[in-house]
Amino acid sequence: MISSVSRIAYCASTTCKFRKPIDVRGLLTRTLEELGYAERIGLVETECLISCHQGPSIMFLPGGKVFQVRTEENFTETLQGFFAALQHPTSPLLSEPRTKKEIPGIESVDFFAKQRLIVLRNRGHIDGESIEEYIAHDGYLGLYKALTSLTPEEVIGEVKTSGLRGRGGAGFPTGRKWEEARRYRAYPKYVICNGDEGDPGAFMDRSVMESDPHAVLEGMIICGYATGATQGYIYVRAEYPLALRMLRTAIARAREKGFLGRNILGSGFDFDVHIYPGAGAFVCGESSALMVSVEGKRGMPRTKPPRSTEAGLWGRPTCLNNVETFANIPQIILHGGNWFRAIGTEDSTGTKVFSLTGAVKNVGLVETPMGTDLRTIIFEIGGGIRGNARFKAVQLGGPAGGCLTEDHLHLPVTFDSLQEVGAIMGSGGIVVMDDSNCMVDVARFFTQFCVDESCGKCVPCRVGLRVMLGLLEKIILGRGEPEDLGELERQARHIQTTSHCGLGQAAPNPVLSTLRYFRDEYEAHIHEKRCPARVCVDLLRFEIDPDKCRKCGLCVKVCPVGAMTWQKGEYPVIHRDLCIRCKSCIRACKFKAIN
Amino acid sequence: MYVKLKINGIETTVPKGGTILAAAKAASVYIPTLCHDPRVAPTGACRLCVVEDRRRPGQLIPSCFTPARDGMDIVTDSPVVTAAIREQLKLILINHPLDCPVCDKAGECVLQELVIRYGIVEAPYTLEAPFRPVDRESPLIERDMTRCVLCGRCVRICAELQGKGELEFMRRGYGTYVDTDGSRALDCDFCGLCISACPVGALTDKLFKNTTRPWKLERRETACLHCGLDCRIYLNMEGEILRRVTAPPDKDGAEELLCVRGRFGWRAAAGAVRRPPGPWLRDARGRRDATWEEALDFASRRLAEIAGERGGGAVAVLTADLLTTEEAAVARGFFRTFLGSHDIASLQAAGYRRLMDQLDRMLPSPPPPASQEDLLAADVLLVLGGGAAEWHPVLKPLINRYRQGEGKELIVISSWPDYLFERATLPVAVAPGHLEGFMAELQAALEGREVASGLDASRRGIDVGRLARLVSLLQGQGEIAVLVVPDLYARGDARAALAASLHHRVQRILPLGGQFNSRGALSAGFASPRDFQDILADIEMGRIRSLYLIGEDPLEDFPDPQRVRAALSRLDLLICQAPYATTAAEAAHVFLPTVLPWEKEGSVLAVTGQRRHLRKVMTAPPGARGDGEILEELRRMMGDPPANLPGRVAAVGETGSSGSPAAPPPGSPAATAAGGRGFPEDRTSEANAVGAEAPSPAFPFLLVPVPSLFGDGLVSRQSPELAGLKGGLGVVMNNDDFAALNLKDRETVWVATPYGAAPARVRALARIRPGTALLLHAPGNPEGLSLLRSDVAAVPAAIGRKEAP
């Protein structure tokens, strides 16, 4: 069925490259050459074809059947096998992980079927480097509509109607922000796209920038037209080399085609975009710190007022939005605000892209309408918990977010519903945790992250967080005292109420939410000097529980220092003087028999 | 537009946009702050200034940057607020060293005050101490960052006001500290604004270190001696011992601006320099100490003889402009009216005096007083000539304040990249030696006159686009203020003419380069249009037989010291009346020690035109007398005016502008060496403009002597601290030239000109025009002065490792 294939899309995302370091492009080029199809079948570089846990993946177009590249060896035969497999109505080479059911095409997978794609609509379908393909998929049509038939006020009106709220985390209404930026009469004005995605476990923005850079550009140009700005900046973290490359190519192509530069589409509107690679400070995701950083100074949040829509970059009105926000704009202009408003809920309209990671089976990018509940996201799209572990908690909104329990799984994910229970939407990171996670340790991890990333400007965040971290470490080391919990809570409230920027104000959230929902774990650490999830190594006694032990001897095999001895039919013996407390035995034991 | 709100129940108003903190201040309500400094933009780092709005209890508002809004009901001392402040202080105190007994800040430390006010007695937290640099190597400023509370005031004031950005935050989070790049010693302007901003003992004054305790100090207000801006300063006195200099508080309660000379140059007046214990005489038998009666008797007799024989015109005066205005009036009476002398000049203030003289003649009315605020009010600040902020370093923060205003333009026309040039919105670089010619052409063009060569910008090395913008700004609607800056040793006459020709368009014209009371001396008429160059020629021709030095020393502050020495040796009488025994004092027939302005009472007039009355704030050394007192005594002893004596030659005329011989051809060293014969009649024409000699293969560079930030005047030269910062003769050259010669930073090189050679420390600067080199710190350095010739803006020079032939 080779005749039906016109293109092969291959995933070039960082995730796939990390999984197996295969040069898929080179491999495909060579093999197609060898088979004589090089002329007829084009290659498309794209991003995230299917759940990242199975990559690297390739997809045959049209049709959208996805296969995995497991090894470079005998790839000619493998590819021929793929071509042969295309004849079958289903693909025998890819099965749905949970049900082992064969998958006919990408749309029939639960992971995709339950999603609604607006921001990610072009993912895998077009070559991100090709502006022609973007245009063929209605690209720059929104811009054309805006420039030719809408006034800037009408563009803003459309965005306001859509109810779009900033996807960077705070959820500020985008239309209102644009309106403010338009109101101030100081020139030049700037548009900034915040691509400094820094939350651990978040990769939505990277994927959008890598797979559909023109959508971001188009959104920015429309924003520039609406606000009266003539210069745009994309602030991308330098740790995203592919995103940087794709954006650079996209900007060059857009300039060639006249979507950037002087007199765009003959409308008399001028706009250009520059890329500013960030140097890797988490706090530079904060909008004012980001602008200070673009100015070439040390990225630290500045005081407000004035808001950046009044005096932002270089003291000029600046409209800053997140990558995902901009990527929504072309569709809103094209289909109208009311179309967008119909998706999602009353207060949170449209869709949201989440990066689903952690202990779920299907790890990857998920775009769902706002208001989808957590259970759908985690158990239907995510396929549930990996292995035979149990769901324990879900951490939303990055290091500044909160941990929620099973009781919250019914919650529709909107900006406001999450706030009420102590979590935030944030930029959209969802980290699912199973029962092998110690919540005190999780709180310590996120607090450590914030301690490391605090810019050091204001006292509560700089010193107060460090004090909290000290208390958490004390608890984890088994030296916790009963009054430490009160002290933690007091310090957390102090940091929340007196910190300057969002980083400090939200940094205690992991501690506060775990204290709220998992207080018993803290108490077990303090009163019983016990870590229920058996994570905190200083609280482990390394004893065999005779009730649970089945005397299988697996623990002895994995011990790297020979600190365990065992004879068939006997309980293993741990020699404490040799043990290095590496927890290999605990991880290996299937019966949780080692405490 | 005012905002009305309540602070702790007290109704108060602030202008719209004012902060809650300002409102509290207006209501006399205390709010604790640590990082707040009214001189710089707020940052909100210490979070001590939190307050609560009764309408939204529990929500803490940082008051130092949150604007006050109508109807706010602010509480500053609720339990929630106080608890937050106490918690903040506890966090700040973690690892803050409790070395208050040896900390110089103790007694005026803001943290100490706060800890006592909020009664922090327990330290509930311990954390490991993060790395903090301690710098005891830097001159004058000690940085002990273990005491730092990271308020960032030093970082902000250095970047925002002084424009240096010498200090910056390093690392982040709990490991944050303030340091220089690469953790090196400070290499900055040493203005000490960072010290004035530091609320704790992290940045301290090394001169003050371990000398006394702050609470023992009495602050006496006076004016700084180091330049003509006469900044207000506090002498911090422990009894009669001067311990340090600080600036008095401004209207917001923060310290006023001060520069390195004001803050660290005080030992020139107290402590460092041995002042002469009494007068001395030198005659055929050599130098001998004399009583005041003997010295004055000798001086009066010899003056009377010379003036009697050859007329008052045979007596010339050089003044360092350290006289009070009243003394200057006495001096004028003595020298001009009584003796009939018509040569009263200055060396450091020569350029300033000349500018003032020209403007006086060209403008319908003298330049009105311009306060610092007036300068800030202009829309366009036009600076004619380079070195404004080097003559008067407080202009640096002042102009930076100006630049922070919306739409402010700063135009600097200069032939070298001085401080302001590098920060100008419109820098106009003119090739060295072409500045005068360019300004004359610009003036002609602006006046609509035909320019012989056309306004040929490229010939002068000027960017044409910038020129167009310059003209459009000058002809635009904005309010213009002009700063006219003299060269160090060359007569820049075209810039005064240009400024004067703009006077109908311009709100203020402010000539710069004046010394302590130059303007006061001019207002008292203690001046003449002729400068030392003319006097020197007259000495060489035998017309002037006696030189009366009041503080000034031509052997230390005029190009070609050999020539000056030879001329001085021809004099019949050299009187040196000065606070210091400088080089000329050794050659003088009579030396009369005088007091410094801090040791006497009188009024001064700053170059801005602001008059101030100074009280005596220090005791004078026992052997010294006031200048006015000496001159009055001389006049009393001389009795009849010598004008009544027979044989008096008619004076050239009080104004001296007419009947003068023609000027020498410009830029010709031969003509200069032979001695200029008077001053040019037409001071604006290009023929008389000061040019530069062309470089040659043997001398490929153009060497431009420029004023030093650390002070070139008499008082500054006496300060060991300022001398240390200068580090001897310095030369600054273009990066590429520097690299081509394969030199190392601050290496000692030989600088040779057709007139001499001298060792100098070399530094590189990217923005200097290739082929140009700046000569720093030549005043007070005979070797440096021997490289130069007067009235030449630039001389050809060779720079290299070995001594040039």
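Predicted model: local features only at pLDDT ≥ 70, side-chain atom pairs only at ≥ 80, totals over all residues.
Strand pairing is considered first. Strands of a sheet pair through backbone hydrogen bonds, in either a parallel or an antiparallel arrangement. In chain A, strand β8 (residues 231-237) and strand β9 (residues 272-278) run parallel and are joined by seven bridges. Within this pair, A:Tyr233 stands opposite A:His274 of β9(A).

An antiparallel arrangement is found in chain B, where three strands form an open sheet in the order β6-β7-β10. Strands β6 (134-135) and β10 (203-205) of chain B stand at the edges of this sheet; each has a single partner strand, so one side of each is left without a neighbour in the sheet. Strand β7 (residues 141-144) of chain B is joined to β10(B) by three bridges, and these two strands run antiparallel. Here B:Ile141 stands opposite B:Asp205 in β10(B).

Most peptide bonds are trans, and most residues other than glycine have a negative phi. In chain A, the peptide bond from A:Tyr187 to A:Pro188 is cis, with omega near -5°. A:Pro188 is located in the loop between α8 (174-183) and β7 (190-195) of chain A. A cis peptide bond also joins A:Pro305 and A:Pro306, with omega about 0°. The loop that holds A:Pro306 lies between α12 (287-294) and β10 (318-322) of chain A.

Positive phi values occur in both chains, as shown by A:Lys529 and B:Arg746. A:Lys529 is not a glycine, yet its phi is about 50°. This residue, A:Lys529, is found in the loop between α22 (519-527) and α23 (554-558) of chain A, and its relative accessible area of 31% makes it partly exposed. In chain B, the phi of B:Arg746, likewise a residue other than glycine, is near 65°. B:Arg746 belongs to the loop between α25 (735-740) and β30 (748-753) of chain B, and it counts as partly exposed at 35% relative accessibility.

A further loop residue of chain A is A:Pro482, placed between α18 (459-476) and α19 (483-498). Leaving aside residues up to four places away in sequence, A:Pro482 touches A:Ile526 and A:His527. Its C-alpha lies 28 Å from that of A:His408, and A:Pro482 and A:His408 are 74 residues apart in sequence.

Over all chains, 93 salt bridges are found in the whole structure. In chain A, the side chains of A:Glu543 and A:Arg541 meet in a salt bridge with an N to O distance of 3.5 Å. Both partners are partly exposed, A:Glu543 at 36% relative accessibility and A:Arg541 at 43%.

In chain B, a salt bridge with an N to O distance of 3.7 Å is made by the side chains of B:Asp283 and B:Arg285. B:Asp283 is partly exposed, with a relative accessible area of 28%, whereas B:Arg285 counts as exposed at 72%. The side chains of B:Arg545 and B:Asp572 also meet in a salt bridge, at 2.8 Å from N to O. B:Arg545 lies in the loop between α18 (532-540) and β23 (546-550) of chain B, and B:Asp572 in the loop between α19 (561-569) and β24 (573-578) of chain B, so this pair ties together parts that are 27 residues apart in sequence. The relative accessible area of B:Arg545 is 14%, and this residue is buried; B:Asp572, at 29%, counts as partly exposed.

Salt bridges can also be linked to one another. In chain B, a network of salt bridges links B:Asp99, B:Arg136, B:Glu142, B:Asp144, B:Arg147 and B:Lys209.

Technical notes. Residues numbered from 1 in each chain as written. Chains lettered and ligands numbered in written order. Heavy atoms only, no water. Pairing = 2+ DSSP bridges. Helix = DSSP H or I, 4+ residues; strand = E, 2+ residues; numbered from the N terminus. Contact = heavy atoms within 4.5 Å. Buried < 20%, exposed > 50% of the residue type's maximum accessible area, 1.4 Å probe, protein only. Salt bridge = Lys/Arg side-chain N within 4 Å of Asp/Glu carboxyl O.
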